Amino acid sequence: MQQEENYLAQTISQADIDARYDEGVKRLLANKSILAVIMKECVPEYRDCTTKDIAEKYIEGEPQIGAVGVNIDETNRVNPAIHGINTEDATLSEGTIRYDVRFYATAPSEDGLIGLILNVEAQNRYNAGYPLLKRAIYYCSRMISAQYGTEFTKGEYGKIKKVYSIWVCMNPPKERRNTITQYSIQEKHIIGEAVEQVQNYDLMSAVMICLGDEDDKNYGGLLKFLEVLLSEEKSPETKKEILETEFEVPMTQTLEGEVRYMCNLSQGVAERAMEKGVAKGLQQGENRATLVAIQNLMKNANLTADKAMDMLGIAQADRANYKEQLRS
């Protein structure tokens, strides 16, 4: 019973660390200065803008706290996360979708400012049992359909805002590492050359950012920025230096605190993994030593496997496993 309680406590503790780490990643990605770097690289509407202007002029919503369930003792501390719109999107038939970060923004155009709705997702598992890109496109579709009744009503489809769903994939498969790929609606002439205004069909884009290793030829720019930001190996001081000097991200006291908090969580995850690895290694060593002892008794004392295990006092529940290893 005591052993079961210890195992349960360890499991809950690990789950708690994982949940806090996941929430910490979302909080980092919801920082305006961080979002500005992502938007400049992934959203064509901001290519000619500075990250400072994107953060201060074009992302809508005032910075506010966003730490529910993460830093309980800092509930009343102001945090520069996006206020924006509700991150839950519910329908009676489809259930509830929880966006990691979703917010309004404006962008400069030839006709003045245009409105956008953006969603940024942190994804640790790329292969989740379904094509992740389909989920990203579904999120785009939901952000468009959810505008009915808020941005437009019947007969006002011209008011639909373009949407972006940007996915930061931290553990992608090898062939996708250090890549950034955009998927959007394109005009294709099948017969004739009729031309539609781009803004009438270019209404959604899914962007897949797949992080990778430092020694890859594509490592740099936004890929390096996010790898440094979310790295579990780099120290807070190293992250601060790179983000400030190479990417001109203002490392405010709040952002620096969030980065340091994430590094502390990473260290906790690593230590727990090491503890599990050592414990597993010790158990495997004990199992191997017991197996050798059984084999020696069978060979030298001419005993059956059961007799040898009787002499060694091996529990009945463990005997089938040893017999299987003896046959292999």
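How many helices and how many strands does the chain have?

## Overview and confidence

The chain has nine helices and seven strands, where helices (H or I, at least four residues) and strands (E, at least two) are DSSP runs numbered from the N terminus. This is a predicted model, in which local features need pLDDT of at least 70 and side-chain atom pairs count only at pLDDT 80 or more, whereas totals for chains, interfaces and linings use all residues. Residues are numbered from 1 along each chain as its sequence is written, and side-chain values use heavy atoms, with hydrogens and water left out.

The pLDDT, which is the predictor's confidence in each residue on a scale from 0 to 100, averages 80 over the chain, and 78% of the residues score at least 70. It stays under 50 over residues 4-12, for which the model has two contacts beyond four places in sequence, a contact being heavy atoms within 4.5 Å. It also stays under 50 over residues 62-79, for which the model has 33 contacts beyond four places in sequence. Where pLDDT is low, the predicted coordinates should not be read in detail.

Of the 328 residues in the chain, 38% are buried; buried means under 20% relative accessible area, exposed means over 50%, and partly exposed lies in between, with a 1.4 Å probe and protein chains only. The chain exposes about 19400 Å², of which carbon and sulfur atoms supply 50%, the accessible areas coming from the Shrake-Rupley method with a 1.4 Å probe, and for residues only the protein chains shown count as cover. Among the contacts in the chain with a separation of 6 or more, 60% are between residues 24 or more positions apart.

## The mixed sheet

Five strands form an open sheet with mixed pairing, in the order β3-β4-β5-β7-β6; two strands pair if DSSP finds at least two bridges between them. The edges are taken by β3 (101-109) and β6 (179-184), each of which has a single partner strand, so one side of each is left without a neighbour in the sheet. Neighbouring strands of this sheet are turned by 20 degrees against each other on average, direction ignored, with axes taken as lines fitted to C-alpha atoms, for helices over the stretch in contact, and angles running from 0 to 180 degrees between N-to-C directions.

Helix α5 (residues 221-230) lies across β5 (162-169), β6 and β7, and runs at about 60 degrees to β7.

## Strand β7 and its partners

Strand β7 (residues 204-210) runs antiparallel to β6, to which it is joined by six bridges, and it runs parallel to β5, to which it is joined by seven bridges. Within these pairings, glutamine 182 has valine 207 as its bridge partner in β7, while the bridge partner of valine 168 in β7 is isoleucine 209.

Seven of the seven residues of β7 are buried, so the strand is largely enclosed by the rest of the structure. Met204, Ala206, Met208 and Cys210 point one way from β7, and Ser205, Val207 and Ile209 point the other way, all of them buried. In a regular strand the side chains alternate between the two faces of the sheet.

## Two loop residues with positive phi

Most residues other than glycine have a negative phi, and most peptide bonds are trans. Asparagine 178, in the loop between β5 and β6, has a positive phi near 55 degrees and is buried, with a relative accessible area of 2%. Glutamate 248, in the loop between α6 (236-247) and α7, has a positive phi of about 55 degrees but is exposed, with a relative accessible area of 64%.

Threonine 290 lies in helix α7 (residues 253-300) and, at 22% relative accessibility, counts as partly exposed. Not counting residues up to four places away in sequence, threonine 290 touches Leu312, Ile314 and Tyr322. The C-alpha atoms of threonine 290 and isoleucine 314 are 8.9 Å apart in space, and the two residues are 24 residues apart in sequence.

In helix α8 (residues 305-312), Ala305, Ala308 and Met309 are buried. These residues cover an arc of only 95 degrees around the axis, which puts them on the same side of α8, the arc being that of the directions from the helix axis to the C-beta atoms. The face of α8 turned away from its buried side carries the exposed residues Lys307 and Met311. Just after α8, glycine 313 takes a positive phi of about 70 degrees.
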